[in-house]
Amino acid sequence: MTKIDDQLAFSRSSVVCVLYKNHYRVNGMPAINGKVSLLAGAISCCAAALAAHYSTNSANAAEPEIVSRAPAASSAVDSIVWNLPFGEPSTLDPPNAPTLSGAGVVSNLCDALVTIDENYNLSGNIATFKVVNPNKIVYKIRTDVKFWDGSPVTAEDVAFSLKRAAEPAQIVSFLFQNVSSIDVTAPDEVTVSFSKPGEMFNAEMATFAGMIMKKSYVDAAGKSLGTATGGLMCSGPFKLDGWKAGDSIVITRNDAYWNKQRIPLAKKVTFTFVTDTAAYVQAMKAGEIDGSYEVSPSAIPALQGINAGRLFYGPSMQSIQLQVASPSGPLADLKLREAFQSLIDRDAIAKVVYKDAAVAQYTALAPATWQNDAREIYAAAYPEFEKSRAFDVARAQSLVKESTYQGEPIVLAISAGEETTVRVAQLIQQQAKKVGVNVTIKQMQPLEFSEAQYDAAKRTGIDFVLGTNFNAAQDPLEPTGFVYLPGGFYNLSGFDDPEVTRLINESRQNFDPKERAKMFVQMQDIYEKQSGTIPIVSQRTVTFLNKRLAGAVTSFGYLSMPALAFVGSAQ
């Protein structure tokens with residue numbers, strides 16, 4: 001089996017279905033608080049391990065079973081403690097919550113227009129939909145949906161929420177780029193019209209971009225909306241019961257929820273913000289934390305086979321990457337950026353650091369994001385990048401010598417406290433040193449790190465950001481708009497290429513998956529040659545679940561559905 005076959009085999013196993021992808025490529029999720037203790041001996045050992053490639057066959061043999069959901073729960077449960085290992089959300093305001101922590105909470109609170117299951121199958125939710133033509137979608141609003149305060153969800157609330165999400169200041173506004181109007185066309189109907197066809201739009205309405213809030217509550221809350229003091233007013237299966245800043249968020253079951261199949265089994269869920277890996281591992285072993293998504297790979301050895309619970313590995317569209325943080329500075333030199341593509345041993349990082357919960361990745365977007373209907377077109381373009389970006393110290397040294405680099409520090413920012421991220425950063429630092437590049441690691445507090453993804457002022461003096469990129473829907477066009485369009489929220493380096501812009505805009509208007517794939521390959525060939533992103537590995541979703549519980553969604557689909565509604569007693 002070749003490397004690309006191995007990568008595609010992983011992609012096939014991890015993308016269980018088709019249509020939906022919400023990868024809010026919120027690039028660089030907020031990471032972890034707390035202290036990290038790494039013994040010099042362990043670092044040295046890990047660095048030595050990274051010096052040698054591991055074979056594809058041995059990697060395959062070690063692959064864990066990939067599942068999208070744990071066995072079903074048997075009955076209700078009073079309380080669950082669920083940890084957010086990337087820290088406290090900066091906001092729960094849906095169109096501005098495209099982070100693993102923010103979306104991980106709000107997806108249990110606020111109903112979206114349409115919904116997905118754990119395999120990304122798309123269906124109606126609080127609305128059914130009819131694609132009248134490529135320029136018009138009509139949403140029929142259910143009449144039995146009520147907000148937590150008992151008032152009905154109206155077409156006016158729906159139109160208001162979508163218009164608000166489309167405002168330029170909102171992170172998800174890119175998804176509304178081709179929308180020309182959002183109108184209430186009947187008491188229970190909202191019509192969305194497009195100036196140009198938008199193939200992504202309906203699937204994205206299953207994400208935080210399509211979540212509905214009560215208009216009068218939003219107006220009254222003002223700037224405090226989505227904060228610990230301002231709260232929310234939604235119609236989802238859980239209610240926001242309390243948010244103690246810096247400590248926890250509590251949500252409680254909405255017993256009047258309209259969808260009887262999704263009434264939560266748990267009466268109460270308490271979200272904790274324990275970001276230190278050792279601390280939450282200990283809490284899981286002691287039964288103080290019942291579950292968590294995005295368990296750190298560094299925690300896997302300590303949690304495998306324990307009596308308190310078990311780990312699940314699920315399909316995911318997440319990846320770890322370095323992103324150039326500024327259009328100026330030493331990384332303005334393309335040769336130096338290309339050197340980083342060759343100095344990183346991706347295979348070994350996946351094996352040694354991620355404990356087989358990841359595979360090497362060679363383009364900005366993981367193969368798992370490729371749409372199944374045109375996978376062969378995406379796959380044909382991939383080996384070129386795999387070959388040109390293979391681990392090659394001699395090539396990296398040569399590129400550094402050809403560049404204008406003069407030994408100045410390259411500042412690499414990470415979110416403080418998460419052991420795996422620290423290890424990856426330190427290993428990159430060591431590999432860079434071998435080719436004559438001086439990397440300095442800057443640990444930022446999670447909230448500051450999260451804000452740095454979209455606030456250039458917070459990136460002053462930073463050259464690279466090491467973080468997470470994810471898709472919520474299985475469509476490469478979702479993240480490309482955020483990253484490669486001029487003014488995109490996560491276009492950190494100021495990338496601006498007219499041909500890429502044209503291809504992004506035209507492909508979003510094309511409903512033929514094969515034609516879109518061909519256009520994507522063209523744009524990818526342009527932006528990848530600039531090496532504004534240094535891909536490292538594609539991850540799997542790693543979930544911990546206490547043995548007393550069952551029913552958890554274990555695919556990355558959890559981020560766009562009320563996943564905790566299904567968690568209940570295993571007995």
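This is a dialogue on a predicted model and the reasoning behind several of its features.

Trainee: What makes the pair of cysteine 110 and cysteine 234 a disulfide?

Mentor: The cut-off is 2.5 Å between the sulfur atoms. In this pair the S to S distance is 2.0 Å, so the pair qualifies as a disulfide. By this rule the count comes to one disulfide.

Trainee: Why is the pair said to tie together parts apart in sequence?

Mentor: Cysteine 110 lies in the loop between helix H4 and strand E3, and cysteine 234 in the loop between helix H7 and strand E9, so the parts joined are 124 residues apart in sequence. Cysteine 110 and cysteine 234 are both buried.

Trainee: Why are the buried residues of helix H17 said to line one face?

Mentor: Those residues are Val500, Thr501, Leu503, Ile504 and Ser507. Seen down the axis of H17, they fall within an arc of 165°, so they line one face of the helix. Their cover includes helix H16 and helix H18.

Trainee: What makes the approach of aspartate 497 to glutamate 499 a polar contact?

Mentor: A side-chain oxygen of aspartate 497 comes to within 2.9 Å of the backbone nitrogen of glutamate 499, at the start of H17.

Trainee: Which residues touch the most other members of the largest nonpolar core?

Mentor: They are Leu113, Tyr139, Phe176 and Leu232, in a core of 113 residues. Helix H5 supplies its largest share, six residues. Apart from this core lies another, of 35 residues, including Leu331 and Val435.

Methods. Residues are numbered from 1 along each chain as its sequence is written. This is a predicted model: local features need pLDDT of at least 70, side-chain atom pairs count only at pLDDT 80 or more; totals for chains, interfaces and linings use all residues. Side-chain values use heavy atoms; hydrogens and water are left out. Buried means under 20% relative accessible area, exposed over 50%, partly exposed in between (1.4 Å probe, protein chains only). Helices (H or I, at least four residues) and strands (E, at least two) are DSSP runs, numbered from the N terminus. The arc is that of the directions from the helix axis to the C-beta atoms. Contact means heavy atoms within 4.5 Å. A polar contact is a pair of N or O atoms within 3.5 Å; within protein, one must be able to donate a hydrogen and the other to accept it, and residues adjacent in sequence count only if both atoms are side-chain atoms. A nonpolar core is a set of buried Ala, Val, Leu, Ile, Met, Phe, Trp, Tyr and Cys residues joined through side-chain atoms within 4.5 Å.
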